[in-house]
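Please keep the sequence and the 3D view open as you go through them.

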Amino acid sequence: MKQKLGFFASRWGIVVVGALIGVIAVSLQKMGNPANMGICMACFLRDVAGALGLHRAAMVQYLRPEIPAFILGSFVAALSFGEFRFRTGSAPIIRFALGMFAMIGALIFLGCPWRALLRLAGGDWNAIVGIAGLIVGVSVGVLFLRKGYSLGRSQHENNRFAWLIPLAAAVLVILAVFYPSFGDKMALFRSIEGPGSKAAPILVSLGAGLIIGFVAQRTRFCTMGAIRDVVLMNDWHLASGVIALLAAAFGANLLFGQFHPGFTLGVDEAGKVISQPAAHTVWYLNFGGMALAGLSFSLAGGCPGRQIFLTGEGDGDAAVFVLGMLTGAAVSHNFNAVGSAPFAVWAMGIGLAVVLLIGFLSIEKGGNA
Amino acid sequence: MTNTIDARGLSCPQPVIMTRDALKGRKAGRITVLVDTMTQVYNISRSAEKLGWTANHEEKDDQFVITLEK
(Lines give C-alpha, C1' and ligand atoms only; values in the text may rest on other atoms or scores of the structure.)
Protein backbone atom coordinates (compact mmCIF):
# COMPACT_ATOMS: atom_id res chain seq x y z
CA MET A 1 0.00 0.00 0.00
CA LYS A 2 1.28 3.41 -0.91
CA GLN A 3 1.00 6.16 1.66
CA LYS A 4 -0.15 9.55 0.36
CA LEU A 5 2.12 12.44 1.27
CA GLY A 6 -0.22 15.28 0.28
CA PHE A 7 -0.37 18.08 -2.27
CA PHE A 8 2.70 20.01 -1.17
CA ALA A 9 4.89 16.93 -1.56
CA SER A 10 3.63 16.31 -5.09
CA ARG A 11 5.09 17.47 -8.39
CA TRP A 12 2.14 19.85 -8.81
CA GLY A 13 2.70 21.20 -5.32
CA ILE A 14 6.28 22.25 -5.95
CA VAL A 15 5.43 23.67 -9.40
CA VAL A 16 2.55 25.77 -8.06
CA VAL A 17 4.67 27.02 -5.17
CA GLY A 18 7.62 27.84 -7.45
CA ALA A 19 5.33 29.81 -9.76
CA LEU A 20 3.72 31.57 -6.78
CA ILE A 21 7.14 32.62 -5.47
CA GLY A 22 8.07 33.93 -8.92
CA VAL A 23 4.91 36.02 -9.20
CA ILE A 24 5.19 37.35 -5.63
CA ALA A 25 8.85 38.29 -6.13
CA VAL A 26 8.22 40.20 -9.34
CA SER A 27 5.16 41.88 -7.78
CA LEU A 28 7.33 43.01 -4.86
CA GLN A 29 9.60 44.69 -7.41
CA LYS A 30 6.60 46.36 -8.98
CA MET A 31 5.57 47.59 -5.53
CA GLY A 32 8.93 49.04 -4.59
CA ASN A 33 11.59 46.42 -3.93
CA PRO A 34 14.81 46.96 -5.96
CA ALA A 35 14.85 45.91 -9.62
CA ASN A 36 15.42 42.18 -10.23
CA MET A 37 15.56 41.88 -6.43
CA GLY A 38 11.97 41.18 -5.42
CA ILE A 39 13.41 38.56 -3.13
CA CYS A 40 17.09 37.94 -2.51
CA MET A 41 18.19 36.04 0.58
CA ALA A 42 21.78 37.27 0.29
CA CYS A 43 20.94 40.90 -0.48
CA PHE A 44 18.21 41.08 2.15
CA LEU A 45 20.39 39.58 4.88
CA ARG A 46 23.09 42.03 3.80
CA ASP A 47 20.58 44.88 4.11
CA VAL A 48 19.62 43.61 7.58
CA ALA A 49 23.31 43.51 8.53
CA GLY A 50 23.53 47.14 7.39
CA ALA A 51 20.43 48.18 9.35
CA LEU A 52 21.95 46.66 12.49
CA GLY A 53 25.23 48.48 11.84
CA LEU A 54 27.37 45.44 11.07
CA HIS A 55 28.65 47.19 7.95
CA ARG A 56 28.72 50.81 6.86
CA ALA A 57 27.69 50.67 3.22
CA ALA A 58 25.12 53.48 3.35
CA MET A 59 23.30 52.34 0.19
CA VAL A 60 22.33 48.92 1.51
CA GLN A 61 20.94 49.37 5.01
CA TYR A 62 17.34 48.35 5.62
CA LEU A 63 15.83 45.88 8.03
CA ARG A 64 14.03 43.87 5.35
CA PRO A 65 10.81 42.61 6.96
CA GLU A 66 10.76 39.67 4.54
CA ILE A 67 13.63 37.93 6.36
CA PRO A 68 11.99 37.49 9.81
CA ALA A 69 8.64 36.91 8.06
CA PHE A 70 10.17 33.96 6.16
CA ILE A 71 11.26 32.48 9.48
CA LEU A 72 7.86 33.04 11.11
CA GLY A 73 5.94 31.72 8.10
CA SER A 74 8.01 28.55 8.15
CA PHE A 75 7.63 28.36 11.95
CA VAL A 76 3.83 28.51 11.69
CA ALA A 77 3.79 25.88 8.94
CA ALA A 78 6.07 23.53 10.87
CA LEU A 79 4.12 24.02 14.08
CA SER A 80 0.70 23.49 12.53
CA PHE A 81 1.79 20.27 10.79
CA GLY A 82 3.59 18.91 13.83
CA GLU A 83 7.00 19.22 12.20
CA PHE A 84 8.65 21.74 14.51
CA ARG A 85 11.70 20.08 16.04
CA PHE A 86 14.47 21.91 17.80
CA ARG A 87 17.77 20.34 16.81
CA THR A 88 21.39 21.43 16.69
CA GLY A 89 24.96 20.26 17.16
CA SER A 90 26.09 19.20 13.68
CA ALA A 91 29.41 21.05 13.29
CA PRO A 92 28.02 24.51 14.07
CA ILE A 93 31.27 26.46 13.60
CA ILE A 94 31.87 24.78 10.23
CA ARG A 95 28.35 25.76 9.19
CA PHE A 96 29.05 29.30 10.33
CA ALA A 97 32.13 29.40 8.06
CA LEU A 98 30.16 27.91 5.16
CA GLY A 99 27.45 30.55 5.64
CA MET A 100 30.06 33.30 5.75
CA PHE A 101 31.79 32.21 2.55
CA ALA A 102 28.48 31.45 0.84
CA MET A 103 27.52 35.08 1.46
CA ILE A 104 30.90 36.39 0.31
CA GLY A 105 30.52 34.41 -2.93
CA ALA A 106 26.91 35.47 -3.45
CA LEU A 107 27.77 39.14 -2.92
CA ILE A 108 30.53 38.92 -5.54
CA PHE A 109 27.89 37.80 -8.03
CA LEU A 110 25.40 40.17 -6.33
CA GLY A 111 22.64 37.78 -5.44
CA CYS A 112 21.57 34.45 -4.04
CA PRO A 113 20.23 31.73 -6.40
CA TRP A 114 16.72 33.19 -6.09
CA ARG A 115 17.96 36.53 -7.31
CA ALA A 116 19.98 34.81 -10.04
CA LEU A 117 16.66 33.45 -11.34
CA LEU A 118 14.96 36.85 -10.96
CA ARG A 119 17.86 38.57 -12.76
CA LEU A 120 17.60 36.07 -15.61
CA ALA A 121 13.81 36.54 -15.72
CA GLY A 122 14.41 40.30 -15.97
CA GLY A 123 16.78 39.90 -18.93
CA ASP A 124 20.11 40.28 -17.10
CA TRP A 125 22.29 37.85 -19.06
CA ASN A 126 25.08 38.05 -16.47
CA ALA A 127 22.83 35.76 -14.46
CA ILE A 128 23.51 32.97 -16.97
CA VAL A 129 27.20 33.16 -16.08
CA GLY A 130 26.35 33.14 -12.38
CA ILE A 131 23.98 30.17 -12.69
CA ALA A 132 26.66 28.28 -14.64
CA GLY A 133 29.02 28.93 -11.73
CA LEU A 134 26.35 27.82 -9.28
CA ILE A 135 25.87 24.53 -11.16
CA VAL A 136 29.63 23.90 -11.17
CA GLY A 137 29.89 24.70 -7.44
CA VAL A 138 26.98 22.42 -6.52
CA SER A 139 28.39 19.65 -8.75
CA VAL A 140 31.72 19.80 -6.94
CA GLY A 141 29.71 19.53 -3.72
CA VAL A 142 28.06 16.38 -5.11
CA LEU A 143 31.52 14.88 -5.71
CA PHE A 144 32.31 15.42 -2.03
CA LEU A 145 28.98 13.88 -1.00
CA ARG A 146 29.66 10.83 -3.15
CA LYS A 147 33.05 10.45 -1.46
CA GLY A 148 31.40 10.34 1.95
CA TYR A 149 31.33 14.02 2.97
CA SER A 150 29.43 14.55 6.22
CA LEU A 151 29.23 17.21 8.90
CA GLY A 152 27.93 14.62 11.35
CA ARG A 153 24.62 14.25 13.09
CA SER A 154 22.59 16.92 14.80
CA GLN A 155 21.15 16.13 18.20
CA HIS A 156 17.50 16.26 18.88
CA GLU A 157 17.27 18.86 21.62
CA ASN A 158 14.63 19.23 24.21
CA ASN A 159 12.22 21.90 22.99
CA ARG A 160 13.02 23.92 26.14
CA PHE A 161 15.03 26.49 24.14
CA ALA A 162 12.99 26.35 20.95
CA TRP A 163 11.36 29.72 21.65
CA LEU A 164 14.69 31.43 20.87
CA ILE A 165 14.11 31.18 17.12
CA PRO A 166 10.60 32.66 16.83
CA LEU A 167 11.49 35.23 19.50
CA ALA A 168 14.47 36.47 17.48
CA ALA A 169 12.31 36.68 14.35
CA ALA A 170 9.53 38.50 16.25
CA VAL A 171 12.01 41.06 17.62
CA LEU A 172 13.22 41.74 14.08
CA VAL A 173 9.62 42.18 12.87
CA ILE A 174 8.90 44.66 15.68
CA LEU A 175 12.10 46.58 14.91
CA ALA A 176 11.21 46.62 11.19
CA VAL A 177 7.70 47.92 11.90
CA PHE A 178 8.64 50.68 14.36
CA TYR A 179 12.14 51.30 13.00
CA PRO A 180 13.44 53.02 16.13
CA SER A 181 16.66 54.99 16.23
CA PHE A 182 18.87 54.33 19.26
CA GLY A 183 20.65 57.68 19.01
CA ASP A 184 22.65 59.86 16.64
CA LYS A 185 24.58 57.65 14.18
CA MET A 186 23.30 54.59 16.00
CA ALA A 187 21.19 51.69 14.75
CA LEU A 188 18.79 51.19 13.19
CA PHE A 189 20.28 52.50 9.98
CA ARG A 190 18.24 53.07 6.85
CA SER A 191 19.45 53.96 3.36
CA ILE A 192 18.12 57.17 1.90
CA GLU A 193 19.38 56.24 -1.59
CA GLY A 194 20.45 53.12 -3.44
CA PRO A 195 18.95 49.63 -3.27
CA GLY A 196 18.45 49.84 0.51
CA SER A 197 16.07 52.76 0.06
CA LYS A 198 13.81 50.81 -2.28
CA ALA A 199 11.15 48.75 -0.58
CA ALA A 200 7.60 47.58 -0.99
CA PRO A 201 5.11 48.77 1.69
CA ILE A 202 5.95 47.03 4.94
CA LEU A 203 2.66 45.13 5.27
CA VAL A 204 3.07 43.81 1.74
CA SER A 205 6.62 42.68 2.52
CA LEU A 206 5.53 41.02 5.76
CA GLY A 207 2.58 39.29 4.11
CA ALA A 208 4.67 38.08 1.19
CA GLY A 209 7.33 36.80 3.57
CA LEU A 210 4.82 34.92 5.72
CA ILE A 211 3.16 33.27 2.71
CA ILE A 212 6.45 32.27 1.11
CA GLY A 213 7.85 31.02 4.42
CA PHE A 214 4.77 28.85 4.87
CA VAL A 215 4.64 27.28 1.41
CA ALA A 216 8.42 26.89 1.16
CA GLN A 217 8.47 24.97 4.44
CA ARG A 218 5.71 22.68 3.22
CA THR A 219 7.38 21.94 -0.12
CA ARG A 220 11.05 22.08 1.04
CA PHE A 221 11.70 24.42 -1.89
CA CYS A 222 15.48 24.63 -2.39
CA THR A 223 17.38 26.02 -5.37
CA MET A 224 20.62 24.25 -4.46
CA GLY A 225 18.79 20.98 -3.85
CA ALA A 226 17.20 21.39 -7.28
CA ILE A 227 20.57 21.32 -9.02
CA ARG A 228 22.05 18.73 -6.66
CA ASP A 229 19.22 16.21 -7.09
CA VAL A 230 19.49 16.43 -10.88
CA VAL A 231 23.27 15.95 -10.81
CA LEU A 232 23.24 13.30 -8.10
CA MET A 233 20.30 11.13 -9.15
CA ASN A 234 18.48 12.70 -12.10
CA ASP A 235 15.60 13.70 -9.80
CA TRP A 236 13.77 16.73 -11.22
CA HIS A 237 11.29 17.24 -8.38
CA LEU A 238 12.84 20.38 -6.85
CA ALA A 239 14.12 21.52 -10.25
CA SER A 240 10.56 21.66 -11.58
CA GLY A 241 9.77 24.18 -8.83
CA VAL A 242 12.79 26.28 -9.75
CA ILE A 243 11.87 26.20 -13.45
CA ALA A 244 8.30 27.22 -12.54
CA LEU A 245 9.68 30.17 -10.52
CA LEU A 246 11.78 31.29 -13.49
CA ALA A 247 8.91 30.93 -15.99
CA ALA A 248 6.38 32.71 -13.78
CA ALA A 249 8.79 35.55 -12.99
CA PHE A 250 9.57 35.93 -16.70
CA GLY A 251 5.86 36.10 -17.56
CA ALA A 252 5.13 38.58 -14.81
CA ASN A 253 8.08 40.75 -15.87
CA LEU A 254 6.76 40.86 -19.46
CA LEU A 255 3.34 41.81 -18.13
CA PHE A 256 4.73 44.60 -15.93
CA GLY A 257 7.18 45.86 -18.58
CA GLN A 258 10.12 44.87 -16.36
CA PHE A 259 11.99 42.76 -18.94
CA HIS A 260 15.12 44.49 -20.28
CA PRO A 261 17.46 42.02 -22.01
CA GLY A 262 21.23 42.42 -22.26
CA PHE A 263 24.49 42.14 -20.34
CA THR A 264 24.10 45.91 -19.83
CA LEU A 265 21.33 48.40 -20.53
CA GLY A 266 23.34 50.20 -23.23
CA VAL A 267 25.01 53.58 -22.86
CA ASP A 268 23.71 56.92 -21.64
CA GLU A 269 24.01 60.25 -23.52
CA ALA A 270 27.53 60.80 -22.19
CA GLY A 271 28.59 57.38 -23.52
CA LYS A 272 28.75 55.81 -20.07
CA VAL A 273 27.66 52.17 -19.82
CA ILE A 274 24.43 51.66 -17.87
CA SER A 275 24.70 48.39 -16.00
CA GLN A 276 21.84 46.01 -15.27
CA PRO A 277 20.33 46.72 -11.82
CA ALA A 278 22.82 45.80 -9.07
CA ALA A 279 25.01 43.84 -11.48
CA HIS A 280 28.48 43.85 -13.07
CA THR A 281 29.86 42.21 -16.19
CA VAL A 282 33.13 40.70 -14.93
CA TRP A 283 32.42 37.12 -16.00
CA TYR A 284 35.02 35.33 -13.86
CA LEU A 285 33.73 37.05 -10.72
CA ASN A 286 30.10 36.28 -11.58
CA PHE A 287 31.05 32.68 -12.30
CA GLY A 288 33.55 32.18 -9.46
CA GLY A 289 31.46 34.00 -6.85
CA MET A 290 28.49 31.76 -7.52
CA ALA A 291 30.70 28.65 -7.71
CA LEU A 292 31.96 29.49 -4.20
CA ALA A 293 28.39 30.07 -3.02
CA GLY A 294 27.08 26.88 -4.67
CA LEU A 295 29.81 24.72 -3.15
CA SER A 296 29.16 26.24 0.28
CA PHE A 297 25.39 25.69 -0.02
CA SER A 298 25.80 22.07 -1.05
CA LEU A 299 28.26 21.32 1.76
CA ALA A 300 25.78 22.87 4.21
CA GLY A 301 22.79 21.02 2.71
CA GLY A 302 20.68 23.93 1.49
CA CYS A 303 20.50 27.25 -0.35
CA PRO A 304 20.17 30.42 1.76
CA GLY A 305 16.40 30.39 1.43
CA ARG A 306 16.22 26.81 2.60
CA GLN A 307 18.53 27.60 5.54
CA ILE A 308 16.18 30.41 6.57
CA PHE A 309 13.10 28.15 6.34
CA LEU A 310 14.93 25.37 8.21
CA THR A 311 15.67 27.91 10.93
CA GLY A 312 11.93 28.48 11.22
CA GLU A 313 11.25 24.78 11.70
CA GLY A 314 13.74 24.58 14.56
CA ASP A 315 17.04 23.71 12.90
CA GLY A 316 19.63 25.46 15.06
CA ASP A 317 22.46 24.50 12.70
CA ALA A 318 20.70 26.25 9.82
CA ALA A 319 20.33 29.28 12.12
CA VAL A 320 24.10 29.25 12.63
CA PHE A 321 24.56 29.19 8.84
CA VAL A 322 22.29 32.26 8.58
CA LEU A 323 24.31 34.05 11.29
CA GLY A 324 27.42 33.17 9.28
CA MET A 325 25.80 34.82 6.27
CA LEU A 326 25.13 38.00 8.27
CA THR A 327 28.79 38.07 9.25
CA GLY A 328 29.83 37.35 5.67
CA ALA A 329 27.89 40.40 4.51
CA ALA A 330 29.79 42.55 7.00
CA VAL A 331 33.12 41.07 5.88
CA SER A 332 32.32 41.63 2.19
CA HIS A 333 31.35 45.26 2.62
CA ASN A 334 33.92 46.21 5.26
CA PHE A 335 36.77 44.67 3.26
CA ASN A 336 35.70 46.07 -0.12
CA ALA A 337 34.98 42.70 -1.70
CA VAL A 338 31.46 43.12 -3.07
CA GLY A 339 30.71 42.76 -6.79
CA SER A 340 33.73 43.71 -8.88
CA ALA A 341 35.37 45.68 -6.03
CA PRO A 342 39.18 45.50 -5.73
CA PHE A 343 39.32 42.73 -3.12
CA ALA A 344 36.54 40.55 -4.54
CA VAL A 345 38.98 38.28 -6.33
CA TRP A 346 40.96 37.78 -3.11
CA ALA A 347 37.86 37.00 -1.10
CA MET A 348 36.79 34.52 -3.78
CA GLY A 349 40.17 32.77 -3.81
CA ILE A 350 40.43 32.53 -0.02
CA GLY A 351 36.83 31.39 0.19
CA LEU A 352 37.29 28.63 -2.38
CA ALA A 353 40.46 27.42 -0.62
CA VAL A 354 38.81 27.31 2.81
CA VAL A 355 35.58 25.70 1.63
CA LEU A 356 37.43 23.05 -0.42
CA LEU A 357 39.56 22.30 2.64
CA ILE A 358 36.41 21.90 4.75
CA GLY A 359 35.13 19.50 2.09
CA PHE A 360 38.26 17.34 2.08
CA LEU A 361 38.53 17.27 5.87
CA SER A 362 34.89 16.19 6.26
CA ILE A 363 35.11 13.05 4.15
CA GLU A 364 34.40 10.14 6.44
CA LYS A 365 36.07 6.81 5.82
CA GLY A 366 33.64 4.23 4.59
CA GLY A 367 31.64 7.11 3.27
CA ASN A 368 28.19 7.48 1.81
CA ALA A 369 29.06 5.95 -1.54
CA MET B 1 23.63 -6.75 4.64
CA THR B 2 21.98 -4.42 7.10
CA ASN B 3 18.24 -4.08 6.97
CA THR B 4 18.07 -0.96 9.12
CA ILE B 5 19.60 2.39 8.17
CA ASP B 6 20.05 5.00 10.86
CA ALA B 7 19.98 8.38 9.11
CA ARG B 8 18.84 10.43 12.10
CA GLY B 9 20.31 13.91 12.41
CA LEU B 10 22.03 13.89 9.02
CA SER B 11 21.72 16.80 6.58
CA CYS B 12 20.35 16.59 3.06
CA PRO B 13 21.07 14.58 0.97
CA GLN B 14 22.97 12.03 3.07
CA PRO B 15 19.90 10.03 4.19
CA VAL B 16 18.84 9.67 0.55
CA ILE B 17 22.32 8.62 -0.57
CA MET B 18 22.52 6.02 2.21
CA THR B 19 19.10 4.65 1.29
CA ARG B 20 19.82 4.50 -2.42
CA ASP B 21 23.09 2.70 -1.78
CA ALA B 22 21.26 0.14 0.33
CA LEU B 23 18.55 -0.38 -2.30
CA LYS B 24 21.05 -0.68 -5.12
CA GLY B 25 21.53 -4.28 -6.16
CA ARG B 26 18.60 -5.58 -4.11
CA LYS B 27 15.89 -7.19 -6.18
CA ALA B 28 13.38 -7.38 -3.34
CA GLY B 29 13.09 -7.28 0.41
CA ARG B 30 12.34 -5.01 3.27
CA ILE B 31 14.48 -2.16 4.61
CA THR B 32 13.81 0.14 7.54
CA VAL B 33 15.15 3.69 7.63
CA LEU B 34 15.20 5.85 10.76
CA VAL B 35 15.03 9.63 10.29
CA ASP B 36 13.97 12.55 12.45
CA THR B 37 12.41 15.06 10.06
CA MET B 38 9.48 14.88 7.65
CA THR B 39 11.76 16.33 4.96
CA GLN B 40 13.77 13.13 4.99
CA VAL B 41 10.57 11.05 4.99
CA TYR B 42 9.50 12.84 1.79
CA ASN B 43 12.92 12.62 0.15
CA ILE B 44 13.50 8.96 0.94
CA SER B 45 9.95 7.91 0.03
CA ARG B 46 10.12 9.74 -3.30
CA SER B 47 13.53 8.36 -4.11
CA ALA B 48 12.63 4.77 -3.19
CA GLU B 49 9.34 4.88 -5.10
CA LYS B 50 11.23 5.98 -8.19
CA LEU B 51 13.26 2.78 -7.85
CA GLY B 52 10.07 0.72 -7.64
CA TRP B 53 9.84 0.24 -3.87
CA THR B 54 6.80 1.04 -1.78
CA ALA B 55 7.31 3.40 1.13
CA ASN B 56 5.35 3.73 4.35
CA HIS B 57 6.22 5.66 7.46
CA GLU B 58 5.07 6.00 11.02
CA GLU B 59 6.02 8.40 13.80
CA LYS B 60 7.52 6.88 16.92
CA ASP B 61 8.95 8.84 19.86
CA ASP B 62 9.56 12.02 17.87
CA GLN B 63 11.25 10.18 15.04
CA PHE B 64 10.08 8.46 11.88
CA VAL B 65 10.40 4.86 10.84
CA ILE B 66 10.20 4.41 7.09
CA THR B 67 9.57 0.91 5.78
CA LEU B 68 10.60 0.21 2.19
CA GLU B 69 9.36 -2.95 0.53
CA LYS B 70 9.58 -4.59 -2.87
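1. In this predicted model, the buried residues of helix α9 of chain A are A:Thr223, A:Met224, A:Gly225, A:Ala226, A:Ile227, A:Arg228, A:Asp229 and A:Leu232. The helix spans residues 223-233 and is mostly covered, since eight of its 11 residues are buried, a label given to a residue with 20 or more other C-beta atoms within 10 Å of its own.

2. What covers these buried residues of α9(A) includes α5 (113-121), α6 (126-146), α10 (237-256), α11 (283-300) and α12 (304-312), which also belong to chain A. After α9(A) comes A:Asn234, and the phi of this residue is positive, near 55°.

3. The contact between the chains draws 26 residues from chain A and 24 residues from chain B. On the side of chain A that touches chain B, the elements giving two or more residues are β2 (155-156) and α9, and the largest share, four residues, comes from α9(A). Sorted by class, that side of chain A has eight nonpolar, 11 polar and seven charged residues.

4. Chain B has two helices and four strands, which follow the pattern β-α-β-α-β-β along the sequence. The radius of gyration of chain B is 11 Å, close to the 11 Å that the globule rule gives for 70 residues, so chain B is as compact as a globular protein of that length.

5. Taken along the principal axes, the C-alpha atoms of chain B fill a box of roughly 30 × 20 × 20 Å, and 47% of its 70 residues count as buried. Among contacts in chain B between residues at least 6 apart in sequence, 58% join residues at least 24 apart.

Technical notes:
Residues numbered from 1 in each chain as written. Chains lettered and ligands numbered in written order. Predicted model: local features only at pLDDT ≥ 70, side-chain atom pairs only at ≥ 80, totals over all residues. Buried ≥ 20, exposed ≤ 12 C-beta atoms within 10 Å, placed from the backbone. Contact = placed C-beta atoms within 7 Å. Nonpolar A, V, L, I, M, F, W, Y, C, P; charged D, E, K, R; others polar. Rg over C-alpha atoms; globule rule 2.2 N^0.38 Å.
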